[in-house]
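Welcome! Here is a short briefing to read alongside the sequence and the 3D view.

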Amino acid sequence: MRRLLYEEDHETYRNTVREFLAREVAPHQHDWDRDRWIDRAVFVRAAKAGIYALQIDERYGGSGEPDYRYRMVVCEEIARINALSFGLTVSLQDDLVLHYLLDLTTDEQKGRWLPGFATGEIIGALAMTEPGAGSDLRGMRTTARRDGDAWILNGQKTFISSGIMADVVVVAARTNADGGSHSFSLFVVERDTPGFERGRKLDKIGLPAQDTAELYFRDARVPAANMLGTAGEGLQYLMGHLPRERLGVTAKALATTRAIYQSTVEYCKLRKAFGGPLTDQQHIRFELAEMSTEIDVAQAYVDKSVLSYNAGELTAVDAAKGKWYVSELQKRVVDRCLQLHGGYGYMTEYPVARAYLDTRVQTIYGGTTEIMKEIIGRDIAAG
C-alpha cells in the first residue's frame with residue numbers, strides 16, 4: 001500500500017537519519033545493551049545531525065520545525081535497526097520533556113534549558129509515577145511547600161526513564177492538600193539540587209540500555225524560578241500533554257511492528273522446511289497475510305493521527321485509541337513473528353527475540369491499555 005503521508009523533504013531527511021544511525025548507533029547498540037547504558041556522546045551527535053529537538057526555535061539552537069512527520073521518520077528508521085533503547089531515549093526528549101519546556105516555560109527559562117537540549121548536552125526526564133501512584137495521577141504523594149524564594153520537595157518517584165542520565169527532571173508534586181484537581185504543580189529539578197538523590201538503576205526484562213530509576217526528594221530545595229507554568233495547574237498540564245506522549249508511543253509501536261514483520265517475511269522466504277521455503281506453506285502465508293493487513297489498517301489510523309496532531313486537532317480520546325490498539329497489536333504481532341522463527345526466535349541474536357522483550361512495556365507505560373479504554377468509554381458514555 002502506497003503511503004501518502006510523506007513528501008520529498010521527509011524522504012530526504014530519512015536518508016540523513018539512516019546514515020546517522022548506521023554510523024553512530026548500529027555499531028554500538030549491542031554494547032550499550034550489554035553495559036545497560038547508552039554513551040551520552042551519541043545524543044550530542046544526534047542533536048547536531050537533527051535527529052531530535054527539531055521543534056526548538058532557531059534562537060535557542062533548534063530548527064523551529066513542528067511537523068511530526070519528521071518524528072515518524074526517526075521512529076521508523078530506529079525500528080529498522082532495532083535500536084529500541086536509543087529510540088525510547090530520543091522519544092523521551094521529543095515527545096515528553098521538550099514538549100513541556102516548549103509550552104510552559106518563560107523566556108528566561110527557555111534561555112536556561114533549551115540551548116542545552118538543542119545541542120544534546122542536556123538530557124531530560126519526566127517524573128510522575130510513584131510507588132503507590134501510576135495511572136492514578138491524583139494519588140501522587142510527593143509534596144512541595146513554599147519557603148521564601150524556593151520550594152521544598154519531599155517524596156519518591158519510580159520507573160523514571162532516563163532517571164540516572166537526566167540533567168533536568170520535570171517533577172509533579174502536590175502543592176495544595178485541599179485543592180482537588182488544582183492540588184499539583186510542576187517543577188524542573190536540576191541535577192545538583194541539594195536533597196535530590198538518584199536511587200538504584202532498575203533491572204528490567206527489556207530495553208536494557210535505557211536507564212530507568214528511582215528518584216528521591218528529601219527536603220530538596222528547588223528555586224521558585226524553576227516552577228513550570230502556574231501553581232496548582234500541574235494536573236491540567238499533565239493531562240493536556242498526554243496526547244503527544246501517547247502519539248509517540250503509538251508511532252514507536254507501529255514502526256517496530258512493521259520492522260519485525262518485514263524481517264520475519266524475509267526469514268520465512270529463506271528458511272527451508274519440508275523441501276522448500278516456509279512461504280510454500282499455506283498456513284504461513286495466511287499468518288503473514290493477516291499481519292500485513294492488520295499493520296496496514298493500523299498505519300492508516302496512525303498517519304491520520306499524525307496529520308491531526310500537526311493541525312492541532314488530535315484529541316485525548318483519539319490518542320488513547322491509537323495507543324491501546326497499536327501497542328496491543330505490536331505485542332500480538334511480535335509474538336506471532338517469534339513463533340514463525342521457531343527455535344531461532346528464542347535466540348537473542350535475532351531481532352525478533354530482543355523486540356519481544358522490549359515490546360512488553362508498550363501496553364503499560366504512557367497509560368495502560370485498561371486506562372486507555374476507560375478514557376474512551378467515559379467519552380462514549382458522556383456523549
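This is a predicted model: local features need pLDDT of at least 70, side-chain atom pairs count only at pLDDT 80 or more; totals for chains, interfaces and linings use all residues.

Helix H4 spans residues 69-80, and a search of the whole structure finds three cavities of 30 Å³ or more.

**Helix H4**
- The twelve residues of H4 reach 17 Å from first C-alpha to last, close to the 16 Å expected at 1.5 Å a residue.
- Eleven of the twelve residues of H4 are buried, so this helix is largely enclosed by the rest of the structure.
- Among the buried residues are charged ones by name, including Arg69, Arg71, Glu76 and Glu77, along with Met72, Val73, Val74 and Ile78.
- The cover over the buried residues of H4 includes helices H1 (8-24), H5 (84-104), H7 (234-270) and H8 (282-310).
- Just after H4, asparagine 82 has a positive phi of about 60 degrees.

**The largest cavity**
- This cavity holds about 160 Å³ of space, and of its 18 lining residues the closest to the centre are Leu84, Gly87, Leu88, Lys252 and Thr256.
- H4, H5, H7 and helix H10 (351-359) each supply at least two lining residues, and H4 gives the most, with five.
- The lining has ten nonpolar, five polar and three charged residues.

**The second largest cavity**
- About 70 Å³ of space lies here.
- Asn82 is one of the lining residues, which also include Trp32, Asp33, Leu84, Phe86 and Asp358.
- Helix H2 (29-35) and H5 each supply at least two residues of this lining.
- By class, the lining has six nonpolar, three polar and two charged residues.

Terms used
Residues are numbered from 1 along each chain as its sequence is written. Side-chain values use heavy atoms; hydrogens and water are left out. Helices (H or I, at least four residues) and strands (E, at least two) are DSSP runs, numbered from the N terminus. The expected span of a helix is 1.5 Å times one less than its number of residues. Buried means under 20% relative accessible area, exposed over 50%, partly exposed in between (1.4 Å probe, protein chains only). Contact means heavy atoms within 4.5 Å. On a 1 Å grid over the protein atoms alone, a cavity is a set of points where a 1.4 Å probe fits but cannot get out, and a pocket is an open set with protein on both sides within 12 Å along at least five of seven lines; lining residues have an atom within 4 Å of a point. Grid points are joined across faces, edges and corners, and a volume is the space filled by probe spheres set on the points.
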